[in-house]
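Here is a short briefing to read with the model open beside you. Take a look at the chain first, and then we can walk through it topic by topic.

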Amino acid sequence: NMKKYVLILLALSLPVLTKGNGGIELSLLSHRQASMGFAGVAIAYKASIMYHNPGALSFVYKNHIQFGSGVILPFTQFRAETPSLYIEDLTQNSFYSPLYAYGSWRTKNPNFTFGVALTNPFGYLTSWPEDWKGRFIVQESSIRVYHLQPTISYRINEQWGIGLGVTGSLGSYLLRRALPVSGIDETEGNSELSGRGFNAGVNVGVYYRPSTSVSFGISYKSGMKLKIKDGSASFQVPASLEEAYPTTAFETSLHLPQNITAGFAYYRPTFTLAMDISLSDWRRFKTQEILYATETSLIENEVFNRRFTTSFAFR
């Protein structure tokens with residue numbers, strides 16, 4: 001009967017496996033989990049489980065160190081509205097390399113496990129040709145967010161485990177674009193905004209394994225607002241416009257979503273079936289404000305429409 005129910009669940013899940021969106025969220029936080037379709041909140045396999053479900057870490061029965069990286073190669077194409085035939089692609093140096101490192105240690109009390117995770121769960125990099133038609137909006141843009149998460153996990157008994165991770169988050173922001181001004185040599189001006197922000201949150205999880213063939217997991221990651229207070233805004237313009245484009249500071253915020261993930265796993269001697277459903281609440285990142293410390297007739301505060309919405313992912 002269990003095999004029948006598992007096959008029914010798998011069949012029902014197939015039409016939705018490709019749906020969902022993660023915004024700037026990166027899923028490559030463990031190659032083993034990646035090879036399992038990024039599912040695994042209900043599987044206590046190695047130290048990397050502390051990011052996905054701290055409650056399962058106490059069921060990793062050995063000290064463990066795990067680290068790695070990968071390469072994400074985005075392909076984005078801009079197509080102008082008809083009747084225009086204008087098309088532009090990202091440049092080839094737009095690849096992104098997330099990294100991860102985990103370490104877990106069992107204490108003398110076998111029910112307690114401690115761990116530390118360093119991950120790069122959010123980020124993107126886009127780089128467009130210097131002379132493309134959208135250069136006054138963006139030439140290069142990136143967000144990189146790193147998490148440092150000390151974790152403690154407690155195995156209540158042979159079936160239940162709970163865990164807590166305190167997450168320190170450091171984010172960097174870059175926006176480079178051309179300015180519609182030029183000097184005698186007709187070279188266009190350009191601007192560059194860069195800065196960093198920090199905040200902290202929590203990652204909590206519960207793991208339940210009622211038998212050797214079935215396990216369940218649920219985790220919650222709090223949302224965070226990374227506020228960049230003293231970012232640097234610099235401009236390269238003709239000498240006649242330098243007073244209108246002074247180097248100044250700016251403020252902005254990067255909103256990271258709160259996330260809830262629930263999962264199920266079924267084990268047999270020759271295979272493991274895992275299924276996750278994850279909700280990411282991106283609603284606070286609908287807009288992004290850029291507030292300049294010094295405003296002039298040509299430098300004004302800006303609001304970018306991000307239009308992020310709550311998303312589901314089925315894995």
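Is Asp 281 buried or exposed? Asp 281 is buried, with a relative accessible area of 13%; buried stands for under 20% relative accessible area, exposed for over 50%, and partly exposed for what lies in between, using a 1.4 Å probe and protein chains only. Please keep in mind that this is a predicted model, in which local features need pLDDT of at least 70 and side-chain atom pairs count only at pLDDT 80 or more, while totals for chains, interfaces and linings use all residues. Residues are numbered from 1 along each chain as its sequence is written, and side-chain values use heavy atoms, with hydrogens and water left out.

**The chain as a whole**

- The chain has three helices and 16 strands; these are DSSP runs numbered from the N terminus, with helices being H or I of at least four residues and strands being E of at least two.
- The C-alpha trace spans about 75 × 45 × 30 Å along its principal axes.
- The chain has 315 residues, and 44% of them count as buried.

**Salt bridges**

- Five salt bridges turn up in a search of the whole structure; the term covers a side-chain nitrogen of Lys or Arg within 4 Å of a carboxyl oxygen of Asp or Glu.
- One of them joins the side chains of Glu 130 and Arg 176, at 3.1 Å from N to O. This pair links distant parts of the chain, 46 residues apart: Glu 130 is in the loop between β5 (112-127) and β6 (140-155), and Arg 176 is in strand β7 (residues 160-182).
- Glu 130 is partly exposed at 45% relative accessibility, whereas Arg 176 is buried at 17%.
- Glu 130 and Arg 176 also belong to a network of salt bridges together with Glu 140.
- Another salt bridge brings together the side chains of Glu 188 and Arg 135, at 2.8 Å from N to O. Because Glu 188 lies in strand β8 (residues 188-211) and Arg 135 in the loop between β5 and β6, the pair ties together parts that are 53 residues apart in sequence.
- Glu 188 is partly exposed, with a relative accessible area of 31%, and Arg 135 counts as buried at 18%.
- Asp 281, the residue we began with, meets the side chain of Arg 283 in a salt bridge of 2.8 Å, N to O.

**Strand β14 and its partners**

- β14 pairs with strand β11 (residues 248-256) in the antiparallel sense over two bridges; two strands count as a pair if DSSP finds at least two bridges between them.
- Within that pairing, Tyr 292 in β14 is the bridge partner of Phe 250.
- β14 also runs antiparallel to β15, and four bridges join them. Here Glu 289 has Val 303 in β15 as its bridge partner.

**Surface patches**

- Tyr 154, Ile 156, Trp 160, Ile 162, Val 206, Ile 218 and Ile 260 make a nonpolar surface patch of about 560 Å². Areas come from the Shrake-Rupley method with a 1.4 Å probe, and for residues only the protein chains shown count as cover.
- Patches are built from residues with over 30% relative accessible area and no salt bridge, joining like charges within 9 Å and nonpolar side chains (Val, Leu, Ile, Met, Phe, Trp, Tyr) within 5 Å.
- Trp 160 lies in strand β7 and is partly exposed at 35% relative accessibility.
- A patch of positive charge on the surface gathers Lys 225, Lys 227, Lys 229 and Arg 284. Lys and Arg count as positive and Asp and Glu as negative, with His and the chain ends not counted; a charge is placed at NZ of Lys, CZ of Arg, CG of Asp or CD of Glu.
- Lys 225 sits in strand β10 (residues 224-236), where it is partly exposed at 37% relative accessibility.

**Backbone details in loops**

- Thr 82 and Pro 83 are joined by a cis peptide bond, with omega about 10°. Pro 83 is in the loop between β2 (77-79) and β3 (87-89).
- Phe 38, a residue other than glycine, has a positive phi near 70°. Phe 38 is in the loop between α2 (31-35) and α3 (49-52) and is partly exposed at 30%.
- Arg 307 is not a glycine either, yet has a positive phi of about 60°. Arg 307 lies in the loop between β15 (302-305) and β16 (311-314) and counts as exposed at 65% relative accessibility.
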